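Q: I would like a close look at a single part of this structure, followed by an account of the parts around it. Please treat the matter in one connected answer.

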Amino acid sequence: MGVDFGVDLNPEVPNAARIYDYILGGKNNYAADRATADKLLSLMPEVKAGALANRVFLRRAVRELAAAGVDQFLDIGSGLPTQENVHEVAHSVNPDARVVYVDYDQLVVAHGRALLEDDPRVRFAIGDVRRPAEILGAPEVAELIDFSRPVAVLMIALLHFVTDDEDPAGIIAAFRERMAPGSHLALTHVCHDGVDPNLIRQGSALYDRASAPVTSRSE
């Protein structure tokens, strides 16, 4: 990567956000991330098509919601900035749309802030979806998001990094309780229906050694 974002890194530990970045064809990744991603793709080559389709869905959802009049977006578990980010898509429809990206990874947040520091309509906040109150109370969220009006909450490729014990349904409920009528939730999730259980186990084992384990679920 070659850029100092002012946070401590361990490039030897595969990082879920950087693995995803590599699968999408990005450059913000290290050798450990690429090695893990290559192993995953050798097990399940369809993962790449799924990742690309996931980005297409994200862009389509944001575009359609912005066109429907939603002008504030809370992107939780945003990952590393890549091409056609949420704010770029939203601003192509409504230049005044406000976007707050949230991630628990300090590298992601530092990178995002460095790229977007001059845009008053966009903020990056540190927060973990497992602690909704932390996100809802973040100063960056309070600055740009008005929960008395419709908001789009985005949880794209996020909840499979939340275990059953961490209560994903309860997490969603915490955000739903704050969302005004007319708000929307856009969500995608890894599903294991029709996939060889042995491949699922092997793929999950790769993430057990990375920054976040994966919990695949049925549709």
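Is Asp33 buried or exposed, and what is its relative accessible area?

A: In this predicted model, Asp33 is buried, and its relative accessible area is 0%. The residue belongs to helix H2, which comprises residues 31-43. Because buried denotes a relative accessible area under 20%, the value of 0% places Asp33 in that class.

The surroundings of this side chain can be described through its contacts. Leaving aside neighbours within four places in sequence, Asp33 is in contact with Val13, Pro14, Asn15, Arg18 and Ile19.

The pairing of E1 may be taken next. Strands of a sheet pair through backbone hydrogen bonds, in either a parallel or an antiparallel manner. E1 runs parallel to strand E2 (residues 98-103), to which five bridges join it; within this pair, Phe73 stands opposite Val99 of E2. E1 also pairs with strand E4 (residues 152-155), again in the parallel sense, over three bridges. There, Val153 in E4 is the bridge partner of Leu74.

These pairings form part of an open sheet of five strands, arranged in the order E3-E2-E1-E4-E5 with parallel pairing. Its edges are held by strand E3 (122-126) and strand E5 (184-187); each has a single partner strand, so one side of each is left without a neighbour in the sheet. On average, and with direction ignored, neighbouring strands of this sheet are turned by 15° against each other. Helix H5, formed by residues 106-116, lies across E2 and E3 and runs at about 160° to E3.

Technical notes. Residues numbered from 1 in each chain as written. Predicted model: local features only at pLDDT ≥ 70, side-chain atom pairs only at ≥ 80, totals over all residues. Heavy atoms only, no water. Pairing = 2+ DSSP bridges. Helix = DSSP H or I, 4+ residues; strand = E, 2+ residues; numbered from the N terminus. Buried < 20%, exposed > 50% of the residue type's maximum accessible area, 1.4 Å probe, protein only. Contact = heavy atoms within 4.5 Å. Axes fitted to C-alpha atoms, helices over the stretch in contact; angles between N-to-C directions.
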